[in-house]
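Visitor: Hi, could you show me the structure and walk me through it?
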Amino acid sequence: MAEDYAPCDSINDSLNMKEGANDLLVVCFGEMLIDFVPPVCGVSLAEAPSFKTAAGGAPANVAVGISRLGGSSAFIGKLGDDDFGHMLSDILKQNKVDNSGVRFDSTARTALAFITLRDDGEREFLFFRHPSADMLLQESELDINLLEQARIFHYGSISLISEPCRSSHIAAMRIAKKSGSILSYDPNLRLALWSSAEAAREGIMSIWDQADVIKISEEEITFLTGCDDHTDDKVVLDKLFHPNLKLLIVTEGAKGCRYYTKEFKGRVLGVKVKAVDTTGAGDAFVGGFLSKLASNLNLFEDEKLLREALRFANACGAVTVTERGAIPSLPAKEAVLELLGEVPPG
């Protein structure tokens, strides 16, 4: 069942409620973990000769991505009170992400994910969360002050899988919405983490109608709608575009993305690069887009500005797939502009 929130009447209402706060802050909520990435493609986990450790977790990736691009971001989540957990918290700080909302758990470990890379750079995952610390965040541990400062509150669906994190997630959404934040949702489907496909669908859709901005992939359209043709605009609009939604983005990998608002729709082509590892590409895209949205909420109403922001986001994803690992490969603004041909090489 969907939770009830009182939506703001307009973008301007949101801005007025933020007066005096850091009105460019994007607060990201959810999981942060250690990715173990093999140095070669096309091998199974058992065949991998070694692994490189890299910080990961979609909401944390987005927070770092925004900061790398020169934006203002914060992360709220829970890590194990272990070497990996403290390392991840330090990585946030090193990347100028506000980590004051991070909590540590002495009873559970930091989550781990082993990733195999196919020859085309696509991934398969093996997760170790039984349970991991991110699943144990309590509502009482939320940094309310940080949530109330957020111009944009961004989250995924993994934090909805189990209690107590699910209730904490919903409470954080409620606080942010009441404070005038724009709610940004990237479901980031990881079916292996859910008890069943039906539980995943129900969990992802339980908060669907609260988001102002939703980013989904083509595969997620098929999964959520049950329709094989993820390119069908009618399917997307009829089944996924809810009345309060300001923007729905469909990422298409190397091909680019599609966008839908109440007033217009279209497609922005991707930027061609040689893909090495697609880990973090979607998060880089989201970080790139939210960094633009935080500085100009009129993107919802101006198609030209929206297309420019999506082109920038596409380039953020493109730069990221040219290296291995998520956070290590997230680009600085200069690298993105260089790829777009908007600045000369350094």
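Predicted model: local features only at pLDDT ≥ 70, side-chain atom pairs only at ≥ 80, totals over all residues.

Visitor: How many residues are in the largest nonpolar core?
Guide: That core has 53 residues. A nonpolar core is a set of buried Ala, Val, Leu, Ile, Met, Phe, Trp, Tyr and Cys residues joined through side-chain atoms within 4.5 Å. Buried means under 20% relative accessible area, exposed means over 50%, and partly exposed is in between (1.4 Å probe, protein chains only).

Visitor: Which helix gives the largest share of this core?
Guide: Helix α10, residues 303–320, with 8 residues. Helices here are DSSP runs (H or I, at least four residues), as are strands (E, at least two), numbered from the N terminus.

Visitor: What does L247 touch?
Guide: Its partners include Y259, F289 and L306, leaving out residues up to four places away in sequence. Contact means heavy atoms within 4.5 Å. L247 is also among the residues with the most contacts inside the largest core.

Visitor: New topic. How many aromatic pairs are there?
Guide: A search of the whole structure finds 10. Rings of Phe, Tyr and Trp (its six-membered ring) pair if their centres lie within 6.5 Å; planes under 30 degrees apart count as stacked, over 60 as edge-to-face and the rest as tilted. F125 and F127 are stacked, at 5.5 Å centre to centre and 10° between the planes.

Visitor: Is F127 buried or exposed?
Guide: F127 counts as buried, at 15% relative accessibility. F125 has 27%, so it counts as partly exposed.

Visitor: Why is the pair of Y259 and F264 edge-to-face?
Guide: Because their planes are at 75°, with ring centres 6.4 Å apart. Y259 and F264 are both buried.

Visitor: Which charge lies over the face of F223?
Guide: R201, at 4.4 Å from the ring centre. The rule is NZ of Lys or CZ of Arg within 6 Å of the ring centre and within 35 degrees of the ring normal.

Visitor: Last one. Where is V43?
Guide: V43 is in the loop between β2 (33–37) and β3 (52–56). Beyond its neighbours within four places in sequence, V43 contacts A48, T116 and L117. V43 and L117 are 74 residues apart along the chain, but their C-alpha atoms are separated by 7.2 Å.

Technical notes
Residues numbered from 1 in each chain as written. Heavy atoms only, no water.
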